Amino acid sequence: MSQATGRVIVYGGRGALGAKCVTHFKSKNWWVGSIDLNENPDADLNILVGRDENLDQQESKVLSSVSEALNGSKLDAVICVAGGWAGGNAKTDLIKNSDLMWRQSVWSSLISSSLAAEHLRDGGLLSLTGAKAALDATPGMIGYGMAKSAVHHLTKSLGEKSGGLPNDSVVVAILPVTLDTPMNRKWMPQSDFSTWTPLEFVAELFLKWSSGQERPTSGSLVQLITKNFNTDVVPVV
């Protein structure tokens with residue numbers, strides 16, 4: 001670890017975007033830890049959280065495992081890309097899917113925030129994952145919209161001086177529209193892929209921010225808007 005360019009934890013490191021982040025950072029000689037339900041063999045450290053563990057248990061496991069692995073060192077970045085999608089309105093699957101979305105998006109974001117408060121270096125990066133759709137009403141996916149809106153609120157609150165993060169650190173939430181993942185292509189084969197954001201773009205954006213380059217203001221929500229295969233990073237004003 002001492003010879004690594006930097007140290008990053010990727011929450012959701014076994015998913016499509018998370019796995020891309022792990023390999024991209026590793027290719028730049030970073031030490032990379034992964035937190036997920038399943039192991040990522042490319043990561044230097046794997047922390048597996050259980051589906052049946054409550055929020056307190058997951059946080060305790062993550063914090064103690066990271067503390068042991070770092071052995072007094074600090075992280076340069078904590079990147080949370082865990083999450084998922086489920087539809088539903090007041091009539092259909094509201095409770096079940098809202099609970100699932102809360103666990104996948106909000107729990108992971110809260111634990112990432114706690115991890116950053118404990119182990120991020122001064123001037124480090126915490127990145128969370130919201131959604132552009134959650135800037136407006138989401139009647140066909142109420143639980144999803146609620147969870148992502150909570151992540152937006154968490155990001156803005158952490159960006160304040162009294163938010164509890166280390167000095168000079170930056171917290172930002174990415175708000176993608178549609179990520180270009182194999183699963184999205186499988187379920188939406190007729191979509192316009194020229195408007196989908198490539199995973200490589202997002203991973204490189206995280207690397208730049210983690211290296212102190214082109215960072216947004218702390219507390220920012222930034223939309224990832226892709227048109228004709230070109231992606232712009234657009235802050236929410």
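Colleague: Which ring does the charged end of Arg 185 sit over?
Modeller: The ring of Phe 193. A charge sits over a ring if NZ of Lys or CZ of Arg is within 6 Å of the ring centre and within 35 degrees of the ring normal. Here the charged end of Arg 185 is 3.9 Å from the centre of the Phe 193 ring. This is a predicted model, in which local features need pLDDT of at least 70 and side-chain atom pairs count only at pLDDT 80 or more, while totals for chains, interfaces and linings use all residues. Residues are numbered from 1 along each chain as its sequence is written, and side-chain values use heavy atoms, with hydrogens and water left out.

Colleague: With which residue does Arg 185 form a salt bridge?
Modeller: General idea: side chains of opposite charge can pair when their charged atoms come close. The rule asks for a side-chain nitrogen of Lys or Arg within 4 Å of a carboxyl oxygen of Asp or Glu. Arg 185 forms its salt bridge with Asp 180, with the closest N and O atoms 2.6 Å apart.

Colleague: Is Arg 185 buried, partly exposed or exposed?
Modeller: Buried means under 20% relative accessible area, exposed means over 50%, and partly exposed lies in between (1.4 Å probe, protein chains only). Arg 185 has 35%, so Arg 185 is partly exposed.

Colleague: How many salt bridges are there by this rule?
Modeller: The count is 7. One of them joins Glu 200 and Lys 20, with the closest N and O atoms 3.4 Å apart. That pair links distant parts of the chain, 180 residues apart. Glu 200 is in helix H6 (residues 199-210) and Lys 20 in helix H1 (residues 16-27). Helices here are DSSP runs of H or I, at least four residues, numbered from the N terminus. Glu 200 is partly exposed at 46%, and Lys 20 is partly exposed at 28%.

Colleague: What is the N to O distance between Glu 53 and Lys 61?
Modeller: It is 2.6 Å, and the two side chains meet in a salt bridge. Glu 53 is buried at 18%. Lys 61 is partly exposed at 28%.

Colleague: How many disulfides does a search of the whole structure find?
Modeller: A disulfide is a covalent bond between the sulfur atoms of two cysteines. The cut-off is a pair of cysteine sulfur atoms within 2.5 Å. The search finds 0.

Key: Helix = DSSP H or I, 4+ residues; strand = E, 2+ residues; numbered from the N terminus.
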